[in-house]
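The sequence and the coordinates come first, and my entries follow.

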Amino acid sequence: MSASFASALDAARDAAAAQHYPQGALYVVATPIGNLADITLRALHVLQMADTVACEDTRHTQSLLRAYGIDKNTSQLLAVHQHNEAEAAQNVVQRLQQGQRVAYVSDAGTPGVSDPGARLVAAVQAAGLRALPLPGASSITTALSVAGAVAHSAEHGGFVFVGFLPVKNAERASTIAQLASEPRCVVLLEAPHRIGELAQALAVLGERPVTLARELTKQFEEVVTQPAQALTAWLEGAPQRSRGEFVVLLHPVPVAADDGESLRVLRLLLAELPLKTAVRLAAEITGTSRNVLYDTALTWKKSEEG
């Protein structure tokens, strides 16, 4: 082990060792989403301490551990991925019952959100054993932090995590139609080979701002906000723009400011006229943006239906 690795692990031990790490517990460990420097000292300490490291891909995780100077033999690495999660979870439970400390990592980021891990944690808890979180990198919160897309109002605050949309065109279009009236920020994930199709499908959202975050934390990281209808043109503007894993944020549906008059007029017209006609007339009467009034009317309609 090089001196730099040793000093990093010593620093991790000094910073994290004072806390108690019980045996027979599952440690759910967040790992970097691209930049190896984004590992926590506590994660290094637990990964070094763990009797078993359960992971999506043993080869990938072995390389990750070696990058930090942590040596685990093959018997200490256990594959737990989406295709064997239920079966492998029982193996983990058995190891925990033997008193082992088991760390679980996904290929990148925080396990159990869009990556495997939820079934594993559920199985561990069902067996009466503990699952302990070690927070760290997440592509979702990383993208949200620089998108300026999360409102703080009581009515439209927060965000909705959706993840990957359906692959089939009809199902994807149906899901996007449902999300069109969602007043909160919507978080999607997409792979590089499908980002073009997603951009085309999102074009129906028109002027709604969408943030694309790609290659987060890496050398060629890029975060850009465009109207939904302009995403395809932006992606086609340069070949590298379609590379890397994507976090896609649909900004909150704009809601008309409650100046009293525009919303009063809109409500009166909606009571007597079809939605599009009411919105057009309300915009002409009050001078408020037609798009904003339309989105507001959709939000009202969804609230009444709910």
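Is Thr217 buried or exposed? I looked this up before anything else, keeping in mind that the model is predicted, and I found that Thr217 is buried, with a relative accessible area of 18%, which sits under the 20% cut-off for that label.

**Entry: the loop between β8 and β9**

I placed Thr217 in the loop between β8 and β9, and I noted that its phi is near 75°, a positive value in a residue other than glycine. Glu215 belongs to the loop that runs between β8 (209-214) and β9 (222-227) as well, and for Glu215 I read a phi near 55°, again positive in a residue that is not glycine. Glu215 has a relative accessibility of 17% and therefore counts as buried.

**Entry: the chain as a whole**

I then stepped back to the protein chain, in which I counted 12 helices and 10 strands. Along the principal axes, its C-alpha atoms fill a box of roughly 75 × 45 × 35 Å, and of its 306 residues 45% are buried.

**Entry: helices α4 and α5**

How do the axes of α4 and α5 cross? I found that the axes of helix α4 (residues 85-97) and helix α5 (residues 118-126) come within 9 Å and cross at roughly 40°, and the two helices are therefore oblique to each other. The crossing in which α4 passes α5 is right-handed. On the α4 side I listed Glu85, Ala89, Gln90, Val92, Val93 and Leu96, which meet Ala118, Arg119, Leu120, Ala123 and Val124 in α5.

From that list I followed Val93, which lies in helix α4 and is buried, with a relative accessible area of 5%. Leaving out residues up to four places away in sequence, Val93 touches Ala123, Val124, Ala127 and Leu129. Val93 and Ala127 are 34 residues apart along the chain, while their C-alpha atoms are separated by 7.3 Å.

**Entry: aromatic rings**

How many aromatic pairs does a search of the whole structure find? I found one: the rings of Tyr21 and Tyr27 have centres 6.2 Å apart and planes at 50°, so the pair is tilted, given that stacked requires planes under 30 degrees apart and edge-to-face requires over 60. Both Tyr21 and Tyr27 are buried.

I located His45 in helix α2 (residues 41-49), and with a relative accessibility of 10% it counts as buried.

Elsewhere among the rings, I looked at Trp300, and I noted that Arg267 lies over its face, at 3.7 Å from the ring centre.

**Entry: Val248 in strand β10**

Which residues is Val248 in contact with, leaving aside its neighbours within four places in sequence? I wrote down Val186, Val187, Leu188, Ile195, Leu198, Leu202, Val210, Thr211 and Leu212. Val248 itself lies in strand β10 (residues 246-250), and it is buried, with a relative accessible area of 0%. I also checked Val248 against Phe164, and found the two 84 residues apart in sequence and 9.8 Å apart in space, taken from C-alpha to C-alpha.

**Entry: Ala149**

Where is Ala149 found? I placed Ala149 in the loop between α6 (139-147) and β6 (159-163), and although this is a loop position, Ala149 is buried, with a relative accessible area of 3%. Not counting residues up to four places away in sequence, Ala149 touches Cys185, His251 and Pro252. For Glu190 I noted a separation from Ala149 of 41 residues in sequence and of 18 Å in space, C-alpha to C-alpha.

Notes
Residues numbered from 1 in each chain as written. Predicted model: local features only at pLDDT ≥ 70, side-chain atom pairs only at ≥ 80, totals over all residues. Heavy atoms only, no water. Phe/Tyr/Trp six-rings, centres within 6.5 Å; stacked < 30°, edge-to-face > 60°. Buried < 20%, exposed > 50% of the residue type's maximum accessible area, 1.4 Å probe, protein only. Lys NZ or Arg CZ within 6 Å of the ring centre and 35° of its normal. Axes fitted to C-alpha atoms, helices over the stretch in contact; angles between N-to-C directions. Helix = DSSP H or I, 4+ residues; strand = E, 2+ residues; numbered from the N terminus. Parallel < 35°, antiparallel > 145°, perpendicular 65-115°, else oblique. Left-handed = near helix turned anticlockwise from the far one by under 90°. Contact = heavy atoms within 4.5 Å.
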